[in-house]
Amino acid sequence: MTRTFRMNEVQPRLLDETGQGIIGAPLVRPEGHLKVSGQATYAAEAKVENLAHGVLVRATITKGRVLRVDEAGVRDMPGVLAVHMTDERMIRNPAQGMMGESPVRDGKYIEYLGQPIGVVVADTFEQARDAAQRLKLEYSEEEAEVDPDNASETEWTDKEDYGDIDMAMDKAAHSVDEEYITAAHVAGAMEPHAAIAVWEGDKVTLHGSCQLVQFNVKELADALNIEEENVRILSPYIGGGFGSKLGISNEAVAAAIAAKDLGRPVRVVMSRQQVFDAVLRRTETTQRIRLAAEADGTLLGIEHRDRVSNLPNEGFSEPTNQATHFLYGGANRRYRQETARIHRNPSGSVRAPGEAVGMVALETAMDELAEASGVDPVELRLRNIPETHPETGLPYSARMLAECLKDGASSFGWDQRQSPRARREGDWFTGMGVASAARMNMLLPSEARVILTPTGAIVETDMTDIGTGTYAILGQIAGEMLGLPRELVEVRLGDSSFPKAAGSGGSFGAASSGSSVFLACKAIRDQIADKMGCGGDDLTLSNGLARCGNVEKKLEDLIDSDIVEVAQIKPGDTRKEAFSSGFGAHFAEVAVHAWTGEVRVKRMAGTFAAGRILNERTARSQCWGGMIWGIGTALTEAAEHDPRRGHIITRDFANYHMPAHLDVPQLDVKFLEERDDYANPIQAKGIGELGISGAGAAVTNAIYNACGVRIRKFPAHPDVVLEGLMAFD
Amino acid sequence: MDVTLSVNGETHKLDIEPRVTLLDALRDRLGLTGSKKGCDHGQCGACTVLVNGRRVNSCLSLAVMHEDDEITTIEGIGMPDDLARLQQDFVECDGYQCGYCTPGQIVSATAAIEEAKLGWPSYVSPSLADMGELTDEEIAERMSGNLCRCSAYPGIRQAIARAAEAEDKA
C-alpha cells in the first residue's frame, strides 16, 4: 500500500535530529567506481544478443512532404535488413518535458531541416549508416519561414501588468531601457541520444537515455499506439541530460518500430549532428528591459518583454521572465512575451529554461542601473530585495539573497573593484562583475519503495541520475533515516517497473524523490519504534542499532523479515503560504584583451542558499556545472541558424563552443546554512539550475568593469567586444 | 578483412570492414564499451585510448591501421575492483557527474601526466625549454581536448593534480 503525504503544513526538521550523521556529508558517489572505469552501462551499451543497427534518415528540406522513397536503391546493399520510411508513428521531434503523450506525428510531413523521417536497419552500424546516407528521397517542397525577427505568425504567450510602468518610467530619477539578444543554445549532453528496443510478444523493453521515466513510458506507448503496460524503460545511467532527454525522442520510437517489424532487437544512436538537428534547443531571445528607479536606486518598476521562437504546435515557450517576477521589488511591472512560429528545429527546456537567458538580461540591466544611479552594484541589489513577493504578496519561505551577496562580496574582495577601464596590465584590462542568482523551487509528486532487511536497506524508484548525484543523496537520506552507513543502502533507479518518481528536470528531482524516500523511511521508523515499544519521536537509529530510552537492540535482531514501505509525496498548501526559491550571488573577474577583444575568466565565485544541502560534494559539482554554463552563455555558446533554411549550422562540437578546460579557472562555491520549511519535509531546494541562473551576467558585467564595453548581445564573442573597444579610440 | 588487435595485453582476431573505426571495433566488436562515443569527429575526447602509450581519439582512427600496436583502454587502466590511483582521485574529487566523458578524461590524463613528466611544454608553458611546474593552468591546457558538458572541470583537474603529485613523490 502506498502512503501518500501532502505537503499541507510545515514539518518538523527530523533530519536535524537523526543519529547517523551522514545527511549533507560530502560522501563520494556510490557508483563512482563504475564511472571511472567505464563500466556504468549507458543506453547503447546494454548487453543484448542479436542486435541490429539502425541509423536515422534526416530530411534535407525545411518544409514539405515526402513524395517518394527509393527503397530499392538501398535494399540490396550489403547487410541492409529494413528501410522504415514515412511510418505514421514516427514523431516529428522529441516530446516536451512532462507531456506524457506523443509529440506531433505524421511520418511524411517535414517541418524543419534535419527532421528524422525514418530509419535504415542493417547488420552493422557502418552498413546502416552508408545506406541511410545513400537513400534517395523526393519531396514536394513548401515555403518556410525561418527568421524569428520577421515571422508573420506570432502569438502572445504571456501578458501581465501590475501598476503602471509607463508612469513609473516618466517619474524615474534613473532609468534603463535596453534590448538584449541571446543566442540559441543546445544541451550538448556528452552521450548522444541512444536507444535499444527489445520486444517479447506485445511488450517492448527500451534501454533508453530518459530523464523522466514515467512520462517517457506514456509518450512511447502513445507514439507506438500500444498500451502503457506494454512498455518498460530502463535508464540506470544517463550521459547527461540538461533537459534534452526530458521527453521521448526520435531514436527511441524508431528503434521500437524497427525492432518490432524485424523481430530482432534494434539499436538506434543519434550522431552528434543529428542531436543538433532534431533535439530541442534553447530558443534565441530578443529581450527588452525597462527599469525605473528613484534617485537612490530603489526600483519603481520593471518591464520585461521578450520574443522567442518555436515550431508550430509546440506548447513550450521559454519562460524568460520567470525570475523577474520575484527577484526585485517595484510596484509597477509589465511582462509581454511573443512567440514566433518558425521552422527552425523546435525549442524546449535546456538547463534552467527561463532564468538561464532571462536573468542574463535582467542582471545586465541592473548593472546598467547601478552605473546610471551611481550606486554600487551589490548595494543596488541589496536595496531592491522586496519584503514580500512583489506580485502575489506572499512571504518568501527562506531567502538568503542578501546574505549571499554580502558573503560573496566579502570573500571575493569586491571592495578592490575599480571604475571601468581603471585596471590595465599590458594589453589586458581587468574588472569584476556581480549578478544575483535565483531559481524558483518546485515540489512534484514522487514515489519510492524502501525495503529494510536485517542487514541493510534497498531504495527503489524510477527516479533517474543524470549526473546530479541521485544515487548518492537517496542513499544518504535512507541511511540517515534508518541509522545505516550509506554502504549498506543500495539505491536502484531508472526502471519503470519501480514506483513512479518526479524524474530529473526543473531542479525538482532531488527534493521530490528525496522526500518520498524520507517518507517511506519514516514509516519504517514507526514500525521499528512499535517493535521497540516506544514512540517514533523517542527512537534513535544509528549504525544498525535502535535505541529507545535505556533499551538498545541491533536492527538485525529486531526484525526477522523485510519491512517494505512505499510512500508518495505530493505538493500541498504550503506552496500557497510562502514562495520558495533558491538564491545566490555570482562574482566574476575577467581579463579583456585590448586589441583582440578576447575575454578570459580569471576568477569566479558563487555563494548559494538552497535549503538543506543533501550532499555537499555533489551539490558543489552542480554549482560548478551551472557557473561554467554561465561562462558558455556569456562568452562562447551560440547555435547559429542558416538564414535561408533554418537549421543549426554550428552542428558539432568544433563549431558550437562549449567551455573547455582552459576556458574555466578553479571556481569557489560556498553554501550558506539554510532550511526551507515550506518546500518539503526534508527542507531542501533544487540546486541543478541555480548555479547557471545569473552566472553569465556576472561575467559580462565584469567585461564592462574591465574595459567599459557593455555587452547586450550574447555571447560576447571577440567581435562583439572589439566593436565596443573601437568606440573608445 | 582480418586484423589482429592487441588491447590491454590481450590479442583479438577480427574480421571487419576497413571503414570500422578503432572506437567501433572496441565497443561493438570487442564489447569494450568503456571508451565512449560522444561526437565521432575527434572533437570531444570521450573515445580517448592509448596507442603505444600516446593518447589518440579512437573515433578518428581505423581499426585496421593498428595491427602491430599496443592499445590501452580505460578497462586496461583499472577496473572497479582494482582502480588506478588516478581513477580513485577522480572519485575522491568528484571529477565527473554523468560519467560519460570520464573514461576519456582519465585515459587522456594518464598520458598527460606522462608527457609532463618528460618535460614536454604546452601552449601555456613559460618557456619551450622549461615547462616549469604542472600548474592548474598547465593541466587545463593539456586536457582541453576532453570536453565535459556537466562541467566537472574543477574536480577533474584537482584529481589530476593529486595523482601527479602522488606519482612525483613515489
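Predicted model: local features only at pLDDT ≥ 70, side-chain atom pairs only at ≥ 80, totals over all residues.
In the contact between the two chains, 45 residues of chain A meet 49 residues of chain B. Open sheets with mixed pairing occur in chain A and in chain B.

**Where chain A meets chain B**

- Three helices of chain A, α1 (32–35), α3 (125–134) and α15 (616–636), each supply at least two residues of the side that touches chain B.
- Helix α15(A) gives the most to this side, with 7 residues.
- Sorted by class, the side of chain A that touches chain B holds 22 nonpolar, 16 polar and 7 charged residues.

**A helix pair in chain A**

- A pair of packed helices is described by the angle between the axes and the distance between them.
- For helix α8 (residues 355–373) of chain A and helix α16 (residues 695–707) of chain A, the axes come within 8 Å and cross at roughly 35°.
- The crossing of α8(A) past α16(A) is right-handed.
- From α8(A), the contact uses A:M359, A:V360, A:E363, A:T364 and A:D367, while α16(A) brings A:G696, A:A697, A:T700, A:N701 and A:Y704.
- The contact of α8(A) with α16(A) is made up of 4 nonpolar, 4 polar and 2 charged residues.

**Strand β14 of chain A and its partners**

- Is strand β14 (residues 285–293) of chain A largely enclosed or left open, and why? Of its 9 residues, 8 are buried, so β14(A) is largely enclosed by the rest of the structure.
- Strand β9 (residues 174–182) of chain A pairs with β14(A) in the antiparallel sense, over 9 bridges.
- Within β14(A), A:R288 has A:E179 standing opposite.
- Strand β15 (residues 299–310) of chain A also pairs with β14(A) in the antiparallel sense, here over 8 bridges, and A:T286 has A:R307 of β15(A) as its bridge partner.
- The hairpin of β14(A) and β15(A) has 5 residues between the strands, and A:G297 in this hairpin takes a positive phi near 95°.

**The seven-stranded sheet of chain A**

- The strand order in this open sheet of 7 strands is β4-β6-β2-β13-β10-β11-β12 (chain A), and the pairing is mixed.
- At its edges are β4 (80–85) and β12 (231–234) of chain A, each of which pairs on one side only.
- From one strand to the next, the twist averages 25°.
- Strand β10 (residues 194–200) of chain A and strand β11 (residues 203–208) of chain A are antiparallel partners over 6 bridges, with A:A195 opposite A:G208 in β11(A).
- Helix α5 (residues 213–224) of chain A lies across β11 and β12 of chain A and runs at about 135° to β12(A).
- Helix α6 (residues 250–262) of chain A packs on the sheet, touching β2 (52–58), β4, β6 (116–122), β10, β11 and β13 (266–269) of chain A, and its direction makes about 30° with that of β10(A).

**A loop residue of chain A: A:T650**

- A:T650 sits in the loop between α15 and β28 (667–671) of chain A.
- Leaving out residues up to four places away in sequence, A:T650 touches A:A638, A:A639, A:E640, A:N655 and A:Y656.
- A:Q274 is 376 residues from A:T650 in sequence, yet their C-alpha atoms are 12 Å apart in space.

**The five-stranded sheet of chain B**

- Here 5 strands form an open, mixed sheet in the order β2-β1-β5-β3-β4 (chain B).
- The edge strands β2 (10–15) and β4 (54–57) of chain B each have a single partner strand, so one side of each lacks a neighbour in the sheet.
- On average, neighbouring strands of this sheet are turned by 40° against each other, direction ignored.
- Strand β3 (residues 48–51) of chain B and strand β5 (residues 70–72) of chain B pair in the antiparallel sense over 2 bridges, with B:I71 in β5(B) as the bridge partner of B:V51.
- Helix α4 (residues 102–117) of chain B packs on this sheet, touching β3 and β4 of chain B, with its direction at about 35° to that of β3(B).

Key
Residues numbered from 1 in each chain as written. Chains lettered and ligands numbered in written order. Axes fitted to C-alpha atoms, helices over the stretch in contact; angles between N-to-C directions. Helix = DSSP H or I, 4+ residues; strand = E, 2+ residues; numbered from the N terminus. Left-handed = near helix turned anticlockwise from the far one by under 90°. Contact = placed C-beta atoms within 7 Å. Nonpolar A, V, L, I, M, F, W, Y, C, P; charged D, E, K, R; others polar. Buried ≥ 20, exposed ≤ 12 C-beta atoms within 10 Å, placed from the backbone. Pairing = 2+ DSSP bridges.
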